[in-house]
Amino acid sequence: MFENIICEHIKNIAPYVPGKPIEEVRRELGLSKIIKLASNENPLGPSPRALEAIRTALINIHRYPDGSCYSLKKEISNYYNIPEENIVIGNGSNEIIEFLVKLVSNNDFEVISSFPSFLMYSKIVSSFKGKNVVVRLKDFTHDLKAIRDAITDRTRLIFLDNPNNPTGSVISKDTFLKFLESIERDILIVLDEAYMDFVKDEVDTVRGIELFSKDPRIVVLRTFSKLFGLAGLRLGFGVMHRELADALNRIRQPFNVNLLAQIAGVEALRDKTHINETLKTIWEGLDYYEDEFRELGLFYVPSHTNFILVDVKRDSTQVFKDLMKKGIIVRAMGSYHLQTFLRITVGTMEENKECVNKLREVLSNDYA
Ligand SMILES: *Cc1c(COP(=O)(O)O)cnc(C)c1O
């Protein structure tokens, strides 16, 4: 049906496969206790301050939200030290990705992204009939030389998730600055920093927020879905040159960010206790996983995020299924062409220990 209705380029888009929801696994397997370490969510839950503010605000949800996100923009501006005029807030940072692609979607535009990296870039480009130019990661990090060589006069955008999802690696500052210098054309370089909040200060990497005011080609994406624990409310933002921000504000819907998300975002940024506890949990968890993987003799990519990519040296889809039967949901990396890798989100220490114990059990079964 709808042969003549649904456009050809839309028919060809593969659906996004999200991490399995807990409820679905509970239903299918009849398990009572399930640990989800598949979608890089905050293991401590949302900020209690944000929750309290949402409860108080519920009475107002018959009203339209503030279309300008006045208070939230002010708070983001303070927290990250960014002028308000450079901030565009979205229904998740995914919405900002969509706006950026829409912005450049003239006939036969091209967008470069890495593989593996965040799958939403290519899906959104396809939905606007753009051409995806995909460059393989090299040694689990962005191959900036190959990306530069892939640029044509039709290239409009380059998406770089830094840190990269699913490897957790970062681009060093020097490498990036050289890359930037080598590009002569008018191309937007989007640094998707969904995980930058987890990167320790001493790590050598490019930080878009320090750079965008010096180079108008730089666009930065940030999210409230990871460190700030608000994935379910859908909240993210972009940082960019004022003229770009103006253009995006013209194409977004007037009330694209819902009322509860705006209120929760303000409080999440103010909740230093929740932020610090989350960082401590993630950093200790990463150390734990690295120690355990070393002991198990498993290769892993050192991570700067709240997840870790590990090679289980056998079909990871089978390991994923076996772990799920034991109540642990992780992500198998087959769709990223990493057939023997799992991506595991850092949980609470109790969850991490449970995960490693079950992984040990599963790996000791000999189906390799
Ligand atoms: C999780 C994630 C996001 C966040 O998207 P939201 O729409 O803000 O939830 C963005 N980019 C990458 C690479 C991610 O992994």
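In which handedness of crossing does H13 pass H14? H13 passes H14 in a right-handed crossing (left-handed if the near helix is turned anticlockwise from the far one by less than a right angle, right-handed if clockwise). Before you select anything: this is a predicted model, where local features need pLDDT of at least 70, side-chain atom pairs count only at pLDDT 80 or more, and totals for chains, interfaces and linings use all residues. Residues are numbered from 1 along each chain as its sequence is written, and side-chain values use heavy atoms, with hydrogens and water left out.

**Stop one: H13 on H14.** Select residues 316-325 for H13; its axis lies 10 Å from that of H14, at an angle of about 120 degrees. That makes H13 oblique to H14 (under 35 degrees is roughly parallel, over 145 roughly antiparallel, 65 to 115 roughly perpendicular, the rest oblique). Helices here are DSSP runs of H or I with at least four residues, and strands are E runs of at least two, numbered from the N terminus. Axes are lines fitted to C-alpha atoms, for helices over the stretch in contact, and angles run from 0 to 180 degrees between N-to-C directions. Now show Val319, Asp322 and Leu323 of H13 with Cys355, Lys358, Leu359, Val362 and Leu363 of H14, which make the contact (heavy atoms within 4.5 Å).

**Stop two: H12 on H14.** Next, pick H12 (residues 272-296) and H14 (residues 349-364), which pack at about 15 degrees with axes 10 Å apart. So H12 is roughly parallel to H14. The contact residues include Tyr288 and Phe293 of H12, and Met349 and Val356 of H14.

**Stop three: the sheet.** Look for an open sheet of seven strands in the order E2-E8-E7-E6-E5-E3-E4, with mixed pairing (two strands pair if DSSP finds at least two bridges between them). At its edges sit E2 (87-90) and E4 (131-136), each pairing on one side only. Then zoom in on E3 (residues 110-115), which runs parallel to E4 and is joined to it by six bridges. Ser113 stands opposite Val134 in E4.

**Stop four: loops.** Click on Pro116, in the loop between E3 and H6 (120-127); the peptide bond from Phe115 to Pro116 is cis, with omega near -5 degrees. Finish at Phe140, in the loop between E4 and H7 (144-149). Phe140 is not a glycine, yet has a positive phi of about 65 degrees. At 25% relative accessibility, Phe140 counts as partly exposed (buried is under 20% relative accessible area, exposed over 50%, partly exposed in between, with a 1.4 Å probe and protein chains only).
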